[in-house]
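Hi everyone, thanks for coming. Please have the sequence and the structure open while I talk.

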Amino acid sequence: MTRCAVFGTGSWGTAFALVLADAGCEVVLWGRRKELVDAVNTTRVNPDYLPQVSLPDSVRATTDAAEALAGADFAVLAVPSQTLRENLGAWAPLIEPQTVLVSLMKGIELGTAKRMSEVIAEVAGVGPERVAVVSGPNLAREIANRQPAASVVACADEAVAKRLQAACHTPYFRPYTNTDVIGCELGGAVKNVIGLAVGMADGMGLGDNTKATLITRGLAETTRLGLALGADPYTFAGLAGMGDLVATCSSPLSRNHTFGTNLGRGMSLAETIAATRQTAEGVKSCESVLDLARRNGVDMPIVEAVVDVVHNGRPTQEALQALMSRSAKAERH
Ligand SMILES: NC(=O)c1ccc[n+]([C@@H]2O[C@H](COP(=O)([O-])OP(=O)(O)OC[C@H]3O[C@@H](n4cnc5c(N)ncnc54)[C@H](O)[C@@H]3O)[C@@H](O)[C@H]2O)c1
Ligand SMILES: O=P(O)(O)OC[C@H](O)CO
């Protein structure tokens, strides 16, 4: 039987543990807090993040990383992106040679502008054949309710991607393989920033033309960055690109979208942060995505506008006007 360790008892870690269990894996869920781990083991429910979902007996929880990692085929990482380096540093010595590390995270590291797979390779000292990524239109609550969805499992080694695909394929979760790790990760990280922008437009009371414009031009800047970094442009037309962008930019379940909506409605940054209980990766990653773009000479005006609003206190209306008053250009340049 395939053994999986899932690190992070938040929304997506817990929902993905359910997917793995439904696909026939034995799953050990690692969490920081003993009360939550005990609650999962005794009630079969994660009361803080997915209280409506009952987990099967093949999912058990622990606070002991060594116990979670013992004999694991896959170690699935679902902690906030900015905490990965520190957390993985502690877990790395416990990882066995057969274990493939799987990132569920959709962020770019602040300071280094590294993708999560790069942080994993660096901290755990593993090659590309032992690092995989899962990314797509996968709002945790819908997946936990076993609503049909698809996703992408990416690894430079296609055989490993196929093994991971088999480990998480269920009647309601349909994973497609891809070898473009860079494109899948960029799609996931940048859509959170575009989701913030679309949320702001929603909060300002703007309509579907504005939102479609932000989504489409957001995808154009994601693709530009991807091309500069060696991604396959077709990835951005797929589930990890357009698919995830559509889900995030249209759903009230998206934390990034909701965060942007609150700002667009006129809430202050402090009020919006206080109202956000879960991880909205784009809030931090907008800065690291912009950093990555600048390091590579790529123009990302929507990302820049989001950084201006979220980190420089620029009013949303002014940021939108600045975007609309840029010089006219060809759609493809
Ligand atoms: N929720 C979704 O629908 C969804 C879907 C796909 C991908 N993702 C991505 O998955 C990743 C995790 O998101 P989530 O939705 O599970 O977030 P979440 O906020 O629901 O849960 C985060 C988990 O990490 C833990 N955590 C917080 N700080 C930590 C630290 N310093 N060290 C260790 N653990 C810490 C929290 O206690 C919690 O268990 C993010 O990168 C997110 O973009 C989320
Ligand atoms: O809630 P968000 O904004 O982190 O989005 C969740 C998922 O990434 C959607 O695929």
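First, some housekeeping. This is a predicted model, so to speak of local features we need pLDDT of at least 70, and side-chain atom pairs count only at pLDDT 80 or more, while totals for chains, interfaces and linings use all residues. Residues are numbered from 1 along each chain as its sequence is written, and chains are lettered from A and ligands numbered from 1 in the order in which they are written.

Let's start with the domains. The chain is divided into domain 1 (3-179) and domain 2 (189-324), with bounds that come from an automatic or database domain assignment. Their centres, taken over C-alpha atoms, are separated by 25 Å. Where they meet, domain 1 contributes 22 residues and domain 2 contributes 24 residues; contact here means that two C-beta atoms, placed from the backbone, lie within 7 Å.

Which elements supply the side of domain 1 that touches domain 2? Helix 6 (140-144), strand 7 (149-155) and strand 8 (173-178) each supply at least two residues, and strand 7 has the largest share, three residues. Helices (H or I, at least four residues) and strands (E, at least two) are DSSP runs, numbered from the N terminus. By class, that side has nine nonpolar, nine polar and four charged residues. Nonpolar covers Ala, Val, Leu, Ile, Met, Phe, Trp, Tyr, Cys and Pro, charged covers Asp, Glu, Lys and Arg, and the others, Gly among them, are polar.

Now the ligands. Around ligand 1 there are 24 residues, and the closest are Gly 10, Ser 11, Met 105, Ala 140 and Thr 279; a residue is near a molecule if its C-beta atom, placed from the backbone, lies within 6 Å of it. Helix 1 (residues 11-22) gives the most to this shell, three residues. Domain 1 and domain 2 each provide at least three residues of the shell around ligand 1. Its classes are nine nonpolar, 12 polar and three charged residues.

Ligand 2 is surrounded by 14 residues, the closest being Asn 138, Asp 244, Ser 254, Arg 255 and Asn 256. Helix 8 (181-203), helix 10 (239-250) and helix 11 (255-264) each give two or more residues to that shell. Why do we say that ligand 2 lies between the domains? Because domain 1 and domain 2 both give residues to its shell.

On to single residues. The unreviewed UniProt entry lists Ser 11, Trp 12, Arg 32, Arg 33, Tyr 49, Lys 106, Ala 140, Arg 255 and Glu 281 under "binding site". UniProt positions are in the numbering used here, feature names are shortened, and annotations may be inferred rather than shown by experiment.

Take two from that list. Are they buried (20 or more other C-beta atoms within 10 Å of a residue's own), exposed (12 or fewer) or partly exposed (in between), with C-beta atoms placed from the backbone? Arg 33, in the loop between strand 2 (26-30) and helix 2 (34-43), is exposed because it has 11 C-beta neighbours inside 10 Å. Glu 281 is in the loop between helix 12 (269-275) and helix 13 (282-295), and it counts as buried because it has 24 such neighbours inside 10 Å. Leaving aside neighbours within four places in sequence, Glu 281 is in contact with Ser 81, Lys 106, Gly 107, Asn 192 and Asn 256.
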